[in-house]
Amino acid sequence: MPTATRLARHLAAACLAVATLLGTLPGPVAALEPPTPLPGYRPTFVTETDTRPWTDCLWSSGAMLLDKWTNGDVRVTREALRAASGDPFGGSSLDDMQVAFKHYGFDLQFSPDGGTRVTWGQLLYRLAHGAGAVLLGDDSKLPRWYGRWDYGFWKGKGKDDNHAVYIEAYDRKRGRVWLMDPLGRGDWKGEWISTFSLRKFAWSRGGAMYVAMTPTAKAAPFAGVRASKLKLVLSPTAVDAAWSIKAPSRWRFPGADVRAAFVPAADPLVAAAVSPALPVRTVGSPSSAAGRATIAGKSLHVSVALPTKPGAYVASLTLRDRRFGRAVVRAEDVAVFIPGDRRATLRLNIRNDGAEAGSAIPVSISVANSGTLTWADTNDAVTAATHSTTLRATRVEARWIPLDVPGSDQPGSATTKAAGGSPTPDTDPEAPSTPSGSLPEPIDLGLVPLAPGARAVLRQSIIAPDLPGRWALVIDLVDDVSGSFARLGSAPAIQLIDIVLARGIEDVN
């Protein structure tokens with residue numbers, strides 16, 4: 001076996017030209033856990049034979065090692081890896097590869113003199129547990145079959161046969177590991193080699209191998225976990241999302257990071273119409289886990305603090321794992337209303353959830369002034385410039401919003417959503433066009449000049465749209481001074497209604 005004189009040995013294979021750095025990638029995000037291979041992941045094979053001279057066995061093997069370490073998230077060419085070492089000329093060593101890996105944000109330790117010591121038994125153990133390795137040795141010590149890629153190199157002596165290979169996947173039962181020799185070419189992706197043959201190839205000193213390895217494999221944080229049945233609840237201080245989960249018997253919650261965004265709604269009524277159902281929690285103390293995720297029984301809970309400024313928002317909640325930064329679960333396009341001093345509480349009652357096109361639909365609307373300001377016409381509406389009085393004219397308005405209606409712009413499904421989270425028809429070139437005036441205009445249902453704490457009930461008949469499909473009937477309050485109460489932060493009342501063609505009328509579509 002090689003002696004201690006090989007302590008500082010460099011591979012004779014050396015690049016003879018300056019390589020350029022291709023596609024430099026940033027290091028891992030500091031907030032995430034250190035990268036770890038996934039069980040069963042095999043890197044893409046990298047050959048050194050696509051350009052001459054064939055002098056990059058260490059860097060081809062190192063590129064495969066980096067691929068393995070990051071499950072394919074960081075893939076670099078052998079030329080880029082060599083250039084990152086700062087040593088484009090001369091022999092290459094594991095010291096050089098350590099420098100190159102540091103450039104990409106990885107702390108590569110190697111044996112025997114690079115921060116760790118790996119024996120032959122430890123090498124096999126770690127390979128059996130999903131690690132990958134770059135192993136240095138003498139190519140001439142391999143059986144003739146493994147030297148078929150370059151018999152001249154295989155017959156070399158001394159420094160003329162120094163070689164680096166990438167290995168992984170130890171099969172203990174058959175006494176073999178998976179070999180990916182950078183001298184391979186064509187469609188070859190690797191082959192098995194006996195541990196006996198590999199042991200003869202490998203350099204060692206004092207029982208420690210000349211090798212650089214990834215950490216052992218570790219399953220993804222949420223591997224095998226399935227989430228479904230999203231439930232959303234609004235409390236006075238937070239929006240809470242809960243998912244039912246199914247997980248492997250031995251799985252333990254690894255923790256995760258909550259990301260939330262609250263964007264002012266471009267159209268609060270549309271945002272409310274397309275939002276998931278959001279029950280309001282009327283009892284209980286404020287959530288103490290706002291911005292955190294927890295597991296309770298078979299449920300995954302995420303709680304996020306609400307904005308403090310009144311208004312209408314579109315919220316998105318995402319739970320991301322701490323290893324890859326990937327979304328585990330998410331709730332998007334959730335309409336959230338934060339009321340201010342001028343607020344309303346609305347209730348809409350409709351006997352049926354279906355109606356014929358153009359028919360009159362009886363509705364009952366409960367309206368309460370749940371704020372601290374009156375809705376009546378008072379002198380607080382006098383303008384300083386003209387000393388004229390603008391009547392507030394607080395009134396109830398109904399609006400039909402198409403959700404799944406053939407032949408119309410459909411904010412709920414067919415159009416692209418604007419930055420504010422609410423859909424807008426003109427942002428999607430493929431959205432169906434709607435003739436001007438084809439959508440129903442807002443319907444004025446009457447004045448409600450209520451004092452704080454007062455309540456009124458309106459009973460009206462609202463004409464159904466002419467186009468069949470699924471519609472949302474949305475009830476809002478509006479006045480001529482402050483505008484829409486929904487935009488001010490009062491949740492509108494909503495009822496989804498399926499509109500069908502009247503009897504005897506044929507659908508020509």
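Start by selecting Arg326 and Phe324. The charged end of arginine 326 sits over the ring of phenylalanine 324, 4.2 Å from the ring centre. Keep in mind that this is a predicted model.

Now select arginine 42 and tryptophan 178. Arginine 42 lies over the face of the tryptophan 178 ring, 4.3 Å from its centre.

**The whole chain**

Zoom out. The chain has 509 residues, and 47% of them are buried. Colour by secondary structure to see eight helices and 26 strands. How much of the contact in the chain, at a separation of 6 or more, comes from residues 24 or more positions apart? The share is 73%.

**Two crossing helices**

Select residues 57–69, helix H1, and residues 78–85, helix H2. Their axes come within 8 Å and cross at roughly 100 degrees. Are H1 and H2 roughly parallel or roughly perpendicular? They are roughly perpendicular, because angles of 65 to 115 degrees count as such.

Show the side chains at the contact. H1 contributes Trp59, Ser60, Gly62, Ala63 and Leu66. H2 contributes Arg78, Leu81, Arg82 and Ser85. Sort these contact residues by type: four are nonpolar, three are polar and two are charged.

Stay on arginine 82, in helix H2. Is arginine 82 buried or exposed? It is buried, with a relative accessible area of 0%. Next, pick the C-alpha atoms of arginine 82 and leucine 58. They are separated by 8.9 Å, and the two residues are 24 apart along the chain.

**Aromatic pairs**

Show the aromatic rings. The count comes to 12 aromatic pairs. Go to phenylalanine 45 and tryptophan 188. Their ring centres are 5.3 Å apart, with 85 degrees between the planes. That makes the pair edge-to-face, because its angle is over 60 degrees.

Phenylalanine 45 lies in the loop between strand E1 (11–14) and H1. Tryptophan 188 lies in the loop between strand E6 (176–180) and strand E7 (191–194).

Move to phenylalanine 222 and tryptophan 251. This pair is tilted: 5.6 Å centre to centre, with 45 degrees between the planes. Phenylalanine 222 is in the loop between strand E10 (211–213) and strand E11 (226–234). Tryptophan 251 is in the loop between strand E12 (238–246) and strand E13 (256–264). The pair links distant parts of the chain, 29 residues apart. Phenylalanine 222 and tryptophan 251 are buried.

**Backbone stops**

Most peptide bonds are trans, and most residues other than glycine have a negative phi. Look at some exceptions.

Select arginine 52 and proline 53. A cis peptide bond joins them, with omega about 0 degrees. Proline 53 lies in the loop between E1 and H1. Another cis bond joins serine 111 and proline 112, where omega is about 10 degrees. Proline 112 lies in the loop between strand E3 (110–111) and helix H4 (120–128).

Next, select asparagine 71, in the loop between H1 and H2. Its phi is positive, near 55 degrees. Asparagine 71 counts as buried, at 11% relative accessibility.

Finish at lysine 229, in strand E11. Lysine 229 has a positive phi of about 55 degrees. Buried or exposed? Lysine 229 counts as exposed, at 64% relative accessibility.

Technical notes: Residues are numbered from 1 along each chain as its sequence is written. This is a predicted model: local features need pLDDT of at least 70, side-chain atom pairs count only at pLDDT 80 or more; totals for chains, interfaces and linings use all residues. Side-chain values use heavy atoms; hydrogens and water are left out. Axes are lines fitted to C-alpha atoms, for helices over the stretch in contact, and angles run from 0 to 180 degrees between N-to-C directions. Helices (H or I, at least four residues) and strands (E, at least two) are DSSP runs, numbered from the N terminus. Angles under 35 degrees count as roughly parallel, over 145 as roughly antiparallel, 65 to 115 as roughly perpendicular and the rest as oblique. Contact means heavy atoms within 4.5 Å. Ala, Val, Leu, Ile, Met, Phe, Trp, Tyr, Cys and Pro count as nonpolar, Asp, Glu, Lys and Arg as charged, and the others, Gly among them, as polar. Rings of Phe, Tyr and Trp (its six-membered ring) pair if their centres lie within 6.5 Å; planes under 30 degrees apart count as stacked, over 60 as edge-to-face and the rest as tilted. Buried means under 20% relative accessible area, exposed over 50%, partly exposed in between (1.4 Å probe, protein chains only). A charge sits over a ring if NZ of Lys or CZ of Arg is within 6 Å of the ring centre and within 35 degrees of the ring normal.
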